[in-house]
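Subject: Structure handover, pockets

Hello,

I am passing on the structure below, together with notes on its pockets. Please read the notes alongside the coordinates.

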Amino acid sequence: MCGIVGYVGGERCVEVLMEGLKNLEYRGYDSAGLAVASPGGIETAREVGPLNNLAGTLKGRDRDFFSVRAGVGHTRWATHGRPSEANAHPHKGGGAGGPEVAVVHNGIIENHGELRRELRGRGIEFNSETDTEVIAHLLAERVASGESLKEALVGALKRLQGSFAVAAMSAAEPETIVAARNQSPLVVGLGEGENFLASAVQALLGYTRRFLFVENGEVVEITGSSVGLSTLEGEPVQRETFEVDWGAEAVELGGYEDFMLKEIHEQPAALGATLAGRLMDDGCADLSDLDLNLSDVRRVVVVACGTAYHAGLLGKQAIERLARVPVEVTVASEYRYADPVGDEDTLVVAISQSGETTDTLAAVGAARGFGGRVLAVTNTQGSLITREADAVLLTKAGPEVGVAATKTFVTQVAAMHLLALALAEARGARPVEELREVGRALRLAPEKVEEAIGLAEERAGEAAEVFEEARCSLFLGRGAAFPVALEGALKLKEISYLPSEGYPAGEMKHGPIALVDGRCPMVAVLGEGVLREKTLSNVEETVARGARVISVAREDDAVAAAIAEVVLPVPKAPEVLSPFVAAVPLQLLAYRVAKARGLNVDKPRNLAKSVTVE
Ligand code: G6P
């Protein structure tokens, strides 16, 4: 949450900062701001609301603002202080008795109250309600006393408790940016005669693919011609350059109306890339490069949040069915405080698209407490979780910009199936040929999902009409269709703000059936196998009570067609693919409902794509 960006080098400073912020808006869009430095002082531009508002304000700035060579920028997801111009970053300090400084920050300074009192006691006036402003004043005091910006940051950091990535500049050193982090992410982008800084690599893909990751306890000083990384104690640090293989086009709309729609359509390619090199022609899942001994795994614990948690539930079903290993799936924010039980034979699988969700990282820490081995399933190369885990299984969805996860969900489910197959084979849980058959079926995921998109595109609009007068909705499923129902309900509530719950269809009679009326549409995910029949009878019970039903069912399913007002058809596919194909129409349904309500599907209110605070 919150994105920071920095640039030093040439006169394209403001352009780079704005482009960087555009690509970081998924981290928050309550307000945005820039600070640019010149020997005369620091100038800021800040606006409430999305980045476009800031872009509008910049049109009124004179040419000097655009000829600076260094600056920092910020896009905010409010934690302390409501979204307002005063609370928007960058925050400034100094000016009266010393050079001005400016600070941008992602994270939370837990002891800001105490620091604020202390600074006020020394006569410092505050201009915002944010926790961040204390950093600006701490820095300004030190710079005024003669410290360099880097010395001042190191000194100020010693006073801060909490999680942060912070970048600062000073009018005394107008072509230098210093930055540091504790828990929150920070990367340095390397250029020619210019260097960059950001919360995440996708901010800078239009300018560089070469990055350095800053670690906790380090400080980095950036100029146009140098990047100096050192510990807080002043020891120089050598860090290998990391090259990402994501291209700038991945964060562009490419002719689509929204990123969410683009990303839904990218699912076949994302699945293909995730399975490539890992799922062989004969159906063998090869995870040997992970260097993780799977043969002695006795128990699996999956920790994750949001959509990734739903992928974990599907992973549990696959692992238990194929590898016969017990799996527990826990929401990371609960697990981290649960004093969890386990041993070295427990494999902890942390699923996180961003690789930087605070709760998921903390859950990994909790699992370390009992000696668990950690496998990270993540979409983000070089992310924090890749550095915490023993092994990394990368999903290859490419950057996902829409806040509602789509392509990353199906690739997480694919990755969990790869793990299930590899675990099953390593443990000899099933005859190899049986596993290979499942593997060969899984190889069809890209083409079946492609078909599913085509089928659902035709009908999603019609299904969305059922929601016109809706006041709530229920998504029902059993077996593999249940986590899909949970995910469908999450998509709908995230982007259309309509209260929506996913429920195991068999539980309807134990409460939710009381909600049934003509304004609470039921979305029935029928799935395959024996549970299809059971779900159908649960749905019949709601129809008898006046429910309007949309079913997600095979295109040739006449029974489903008879009970539903609209069928969202899925292609005929092997059973292992049923959650993949059923997820697609639910994504498109949520998309169409939100669009019909005139909402911004890529930036739903109050949400952020990456949740880096507790
Ligand atoms: C936020 C996002 C969700 C995501 C969840 C977990 O809530 O809006 O789309 O599923 O965080 O994020 P992660 O990056 O750990 O998968």
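A pocket here is an open set of grid points with protein on both sides within 12 Å along at least five of seven lines. Please keep in mind that this is a predicted model.

Largest pocket

The largest pocket holds about 600 Å³ of space. Its lining consists of 28 residues, and those nearest the centre are Cys305, Gly306, Thr307, Lys609 and Val611. Two or more lining residues come from each of helix 9 (306-323), strand 17 (346-352), helix 11 (358-368), helix 13 (407-426) and helix 16 (481-496). Helix 9 gives the largest share, with five residues. By class, the lining of the largest pocket has 11 nonpolar, 12 polar and five charged residues. Domain 2 (253-443) and domain 3 (457-609) each contribute at least three residues to this lining.

Second largest pocket

The volume of the second largest pocket is about 480 Å³. Of the 22 residues that line the second largest pocket, Ser163, Gln183, Ser184, Arg336 and Thr358 lie nearest its centre. At least two lining residues come from each of strand 7 (162-170), helix 11 and helix 12 (384-388). Here the largest share belongs to helix 11, which supplies four residues. The lining of the second largest pocket divides into six nonpolar, eight polar and eight charged residues. This pocket lies between domain 1 (3-250) and domain 2 (253-443), because both give residues to its lining.

Regards

Definitions and conventions: Residues are numbered from 1 along each chain as its sequence is written. This is a predicted model: local features need pLDDT of at least 70, side-chain atom pairs count only at pLDDT 80 or more; totals for chains, interfaces and linings use all residues. Side-chain values use heavy atoms; hydrogens and water are left out. On a 1 Å grid over the protein atoms alone, a cavity is a set of points where a 1.4 Å probe fits but cannot get out, and a pocket is an open set with protein on both sides within 12 Å along at least five of seven lines; lining residues have an atom within 4 Å of a point. Grid points are joined across faces, edges and corners, and a volume is the space filled by probe spheres set on the points. Ala, Val, Leu, Ile, Met, Phe, Trp, Tyr, Cys and Pro count as nonpolar, Asp, Glu, Lys and Arg as charged, and the others, Gly among them, as polar. Domain bounds come from an automatic or database domain assignment.
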